[in-house]
Amino acid sequence: MSPSAVTTISQFLEPLALDNEVALKLSREFYSNFKYLSSESLDQFLPTPISMSILRPVGRQSTGRFLAMDIGGSNLRVGFVELLPDGQARRLNRLLEQSWPILDHLKNENSEHLFGWVGEHIAQVVREGCETWGLSSEEELPMGVTFSFPMKQTSLSEATLMVMGKGFAITSDLDLGGHLLKGYEQHRTADLPPIKIAAITNDAVATLVSFVYQYPAAPNQKAAMGLIVGTGCNATIPLKLSSLHQNKFPDLISVQQDQDLLDVGLAVNTEWSINGSAAPLRMLGLISRWDEELDKAGETPGFQPLEYMTAGRYLGELARLIFVDFLTTVHGVSPDDLPLRLHQRFGLSTTFLSHFYPDSPKGDILEQLQKEFDLAADTTFTWTSTHAEALHQIAKAIQTRAAGIVAAATIGLLRCADEILDPSETVQDGVANGDSVEELVVGYTGGCIQHFQDYLKDTQAFLDFITQEEFAAKGKQIRVTLEPCHDGGITGAGILVPAALASTQA
């Protein structure tokens, strides 16, 4: 690509620019924003009714097989999670697990059809469990549920859905547990046991639960936070009940005995992508005209601005809008000469762009572009290496900005939870939170952060810069590290079952 063309595409992509210094400023703005949302917003920073304090002492003492399911933005998974005794190399096994894609026609169905389909697959796995282990058809089978959508909970086993997003048409105010039980009963035969909902949680909370349970933390480390960057983007972290709006307090909270409720650290589903967190992004001019175009074309405009800028469902679509704009306004390509798919919403997939870079294992980027987007036989327009390199730079610019936003939000959230003290405060020996923790570990999961360009590597680089700038120069030693916690949705649901059954509710 010629220098003039590089300059042109670089200038064109300036609205997406986010460097280290901007990420540092954004982390501070997110901190203030998250403090406000936790104490004031009723749609974000939603507590789960189980305290983090019971997960290690109760969960680690529990063994056995527990039915678990995970409903995500793209797939349904159902299986059994087997918790193993202490002293073994593995903490758990996943058994009889099956996965099914949630196709678009299911997302567009009403709640009865969708949950009937879910219930059919739960029954399928329960039947296999009965045949494999001789489960009694008379004994109620407790199940843990991970649901990757906003919800409000009054107790650990009850949840009311909010607006789902991610392309689902189901409206809010549905009883999740009741719909799951009804769907299962439609397909349960006399030889299958009834089920009961023992625990319901969000995917980000489940990831944290799984991470805390499994991560072999050293004395100077702490498993502090769960992060999802897949189809959607979300995070969870323990927050004191006293930091939350009273109207968000669950009716029943599962705690250890003799524990002061206001000091309890509840696993909080931040729903940080919902519009309450847009203010820092707008303040620093990070929402471009392409972001606004994507937003306006969505199912619920204005609903999840941070997710539109960071998550797998939307990054490919954002790149499509930018690429078509660049081709038509800068290169003067007639819209009629472009493939029809480039004019269709979601016509350019995040999956395709994930490996769209020079020296990709998928092959030469021009050949990838030609193969993905065939041109009409009667057109005089042809794809060139300049077009392919422009699309690569668009993908990279989108990914770099997303990594900076996620890193800034992560630091802001850790500060909100008092895991990282204000840089101006004096702490002995340069440690976090006044104790011996020098490394806060964030358990991450999701295909987007793993596979989209250099998303994971760049997020870690932004985290390193922010912590270095904020703390190292002041003599404080603190690092925030990303560690994988894949499949935390279904494992977290399984881990929560014995913890919920053995806990005290206050």
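Which residue forms a salt bridge with Arg-127? Asp-191 does, in a model that is predicted. The views below start from that pair.

**View 1. Asp-191 and Arg-127 form a salt bridge.** The closest N and O atoms of the two residues are 2.8 Å apart. A salt bridge here is a side-chain nitrogen of Lys or Arg within 4 Å of a carboxyl oxygen of Asp or Glu. Asp-191 lies in the loop between helix H6 (176-185) and strand E8 (195-202), and Arg-127 in helix H5, so the pair ties together parts that are 64 residues apart in sequence. Helices (H or I, at least four residues) and strands (E, at least two) are DSSP runs, numbered from the N terminus. Asp-191 is partly exposed, with a relative accessible area of 42%. Arg-127 is partly exposed too, at 29%. Buried means under 20% relative accessible area, exposed over 50%, and partly exposed in between (1.4 Å probe, protein chains only).

Residues are numbered from 1 along each chain as its sequence is written, and side-chain values use heavy atoms, with hydrogens and water left out. In this predicted model, local features need pLDDT of at least 70, side-chain atom pairs count only at pLDDT 80 or more, and totals for chains, interfaces and linings use all residues.

**View 2. Glu-419 and Lys-222 meet in a salt bridge.** The N to O distance is 2.9 Å. Glu-419 lies in the loop between helix H14 (385-416) and strand E13 (439-445). Lys-222 lies in strand E9 (residues 221-229). The pair therefore ties together parts that are 197 residues apart in sequence. Glu-419 is buried, at 7% relative accessibility. Lys-222 is partly exposed, at 30%.

**View 3. Arg-320 and Glu-317 form a salt bridge within helix H11 (residues 312-329).** Their closest N and O atoms are 2.8 Å apart. Arg-320 is buried, at 8% relative accessibility. Glu-317 is buried as well, at 4%.

**View 4. A network of salt bridges links five residues: Asp-70, Arg-77, Arg-94, Glu-97 and Asp-487.** The structure holds 16 salt bridges. Side chains of opposite charge can pair when their charged atoms come close.

**View 5. Helix H9 (residues 289-296) packs against H11.** Two packed helices are described by the angle between their axes and the distance between the axes. For H9 and H11, the angle is about 120° and the axes are 10 Å apart. Axes are lines fitted to C-alpha atoms, for helices over the stretch in contact, and angles run from 0 to 180 degrees between N-to-C directions. That angle makes H9 oblique to H11. Angles under 35 degrees count as roughly parallel, over 145 as roughly antiparallel, 65 to 115 as roughly perpendicular and the rest as oblique. From H9, the contact is made by Arg-289, Trp-290, Asp-291, Glu-293 and Leu-294. From H11, it is made by Tyr-314, Glu-317, Leu-318, Leu-321, Ile-322 and Asp-325. Contact means heavy atoms within 4.5 Å.

**View 6. Asp-325 is found in helix H11.** This residue is buried, at 17% relative accessibility. Leaving aside neighbours within four places in sequence, Asp-325 is in contact with Phe-12, Arg-289, Trp-290 and Val-330.

**View 7. Glu-271 sits in the loop between strand E12 (265-269) and helix H8 (278-283).** Glu-271 is buried, at 3% relative accessibility. Leaving aside neighbours within four places in sequence, its contacts are Asp-43, Gln-44, Leu-46, Phe-149, Pro-150, Asn-202, Asn-234 and Ala-235. Glu-271 and Asn-202 are 69 residues apart in sequence. Their C-alpha atoms are 9.6 Å apart in space.

**View 8. His-113 lies in helix H5 (residues 111-133).** His-113 is partly exposed, with a relative accessible area of 47%. The C-alpha atoms of His-113 and Gly-183 are separated by 8.5 Å. Along the chain, these two residues are 70 residues apart.

**View 9. Leu-96 and Gln-453 each have a positive phi.** Phi of Leu-96 is near 55°, in a residue other than glycine. Leu-96 lies in strand E4 (residues 92-101). Phi of Gln-453 is near 50°. Gln-453 is found in the loop between helix H15 (447-451) and helix H16 (455-471). Gln-453 is buried, with a relative accessible area of 11%.
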